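Please open the model in a viewer and keep the selection panel at hand.

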Amino acid sequence: MTGGIFILSGAGLSAESGLKTFRAEDGLWEDHRVEDVATPEAFARDPELVQTFYNMRRAQAAEAEPNAAHQALARLQAAHDAPVYLVTQNVDDLLERGGARDVIHMHGALKDALCATCDHRWSAPMAMDVKDPCPSCGAPATRPDIVWFGEIPYHMDTIQEALEDSDLFVSIGTSGVVYPAAGFGQMARQLGIRTMELNLEASGGRFDEVREGLASTVVPQWVDEVLSR
Ligand code: APR
């Protein structure tokens, strides 16, 4: 028993900070079809639209404030007597701004830019432009450092090691439909790790325990329980 806790978060964690989740009833993400803004093909077809879309997401995230769930996870990480691994599918930095450290952004981050030609990474300006040259190689091929559909998520080796170092897997505010993140629960079960879901509504995945409710309520409650043991 390591005592380590592995937390996988999704858009539901940031919903109460005012950032929309992906799979709302209308099937659209901020009025766009996902395939028109979040795929490499979309970027090749219409880079202007994709940059504008992510510029808006970046501006929105900068205005948002961390909520009680982000803050509770940071508190858990600081006070727990074993590692707390924070793996997120979210591209905002609300966990960090809530006080968390070493957040593993498996789907990239709005605050970073990436050169599609030489893979150089740097801090994205608030508004990126398709004509901006890469600061390293000069190619006008700069893109948001976001993992789009069809691309391979980041830090998979670190994530595997973190899971192997944990006794508890907690899925927070994710619908669990996008792989490979959607398979982490099963990986945890295969490793004999206890699994738990905190979500507004149960996602339907297999977990040893499910607690339904707003992240800003159920996450702090659960963190208080863990820290009082
Ligand atoms: N508190 C807790 N959970 C919530 C809340 C809330 N206030 N609001 C919504 N939820 C839950 C929903 O019940 C749903 O299960 O958050 C989940 C959001 O699911 P999605 O919109 O599918 O988001 P996510 O699972 O993070 O998407 C995964 O898909 O489009 C891609 O790359 C993108 O990282 C994203 C990935």
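On a 1 Å grid over the protein atoms alone, a cavity is a set of points where a 1.4 Å probe fits but cannot get out, whereas a pocket is an open set with protein on both sides within 12 Å along at least five of seven lines; lining residues have an atom within 4 Å of a point. Grid points are joined across faces, edges and corners, and a volume is the space filled by probe spheres set on the points. The model is predicted: local features need pLDDT of at least 70 and side-chain atom pairs count only at pLDDT 80 or more, while totals for chains, interfaces and linings use all residues. Residues are numbered from 1 along each chain as its sequence is written, and side-chain values use heavy atoms, with hydrogens and water left out.

**The two domains**

Colour the chain by domain: domain 1 comprises 1–19 + 66–107 + 154–229, and domain 2 comprises 21–63 + 108–146; such bounds come from an automatic or database domain assignment. Taken over C-alpha atoms, the domain centres are 25 Å apart. Domain 1 brings 16 residues to the contact and domain 2 brings 13 residues, contact meaning heavy atoms within 4.5 Å.

**The largest pocket**

Next, select A11, T21, F22, R23 and S175, which lie nearest the centre of the largest pocket among its 45 lining residues. This pocket holds about 910 Å³ of space. Because both domain 1 and domain 2 give residues to its lining, the largest pocket lies between them. Helix α1 is the greatest contributor to that lining, with three residues. Helices (H or I, at least four residues) and strands (E, at least two) are DSSP runs, numbered from the N terminus. By class, the lining has 26 nonpolar, 14 polar and five charged residues; Ala, Val, Leu, Ile, Met, Phe, Trp, Tyr, Cys and Pro count as nonpolar, Asp, Glu, Lys and Arg as charged, and the others, Gly among them, as polar.

**The cavity**

How many cavities of 30 Å³ or more does a search of the whole structure find? There is one, and the largest cavity contains about 200 Å³ of space. Select L19, K20, F22, W29 and V91, the closest to its centre of the 16 lining residues. Helix α4 (residues 47–63) gives the most to this lining, with four residues. Each of domain 1 and domain 2 supplies at least three residues to the lining of the largest cavity.

Now select residues 215–228, helix α9, whose 14 residues reach 19 Å from first C-alpha to last, close to the 20 Å expected at 1.5 Å a residue; the expected span is 1.5 Å times one less than the number of residues. Its buried residues are A215, V218, V219, P220, W222, V223 and V226, where buried means under 20% relative accessible area, exposed over 50%, and partly exposed in between (1.4 Å probe, protein chains only). Their cover includes β1 (5–9), α5 (68–79) and β7 (168–172).

The second largest pocket holds about 300 Å³ of space; among its 18 lining residues, I5, H80, L168, V226 and R229 lie nearest its centre. Helix α9 provides the largest share of this lining, four residues.

**A last stop: N199**

Finally, select N199 in strand β8 (residues 194–199). N199 is buried, with a relative accessible area of 13%. Leaving aside neighbours within four places in sequence, N199 is in contact with G173, T174, R211, E212 and G213.
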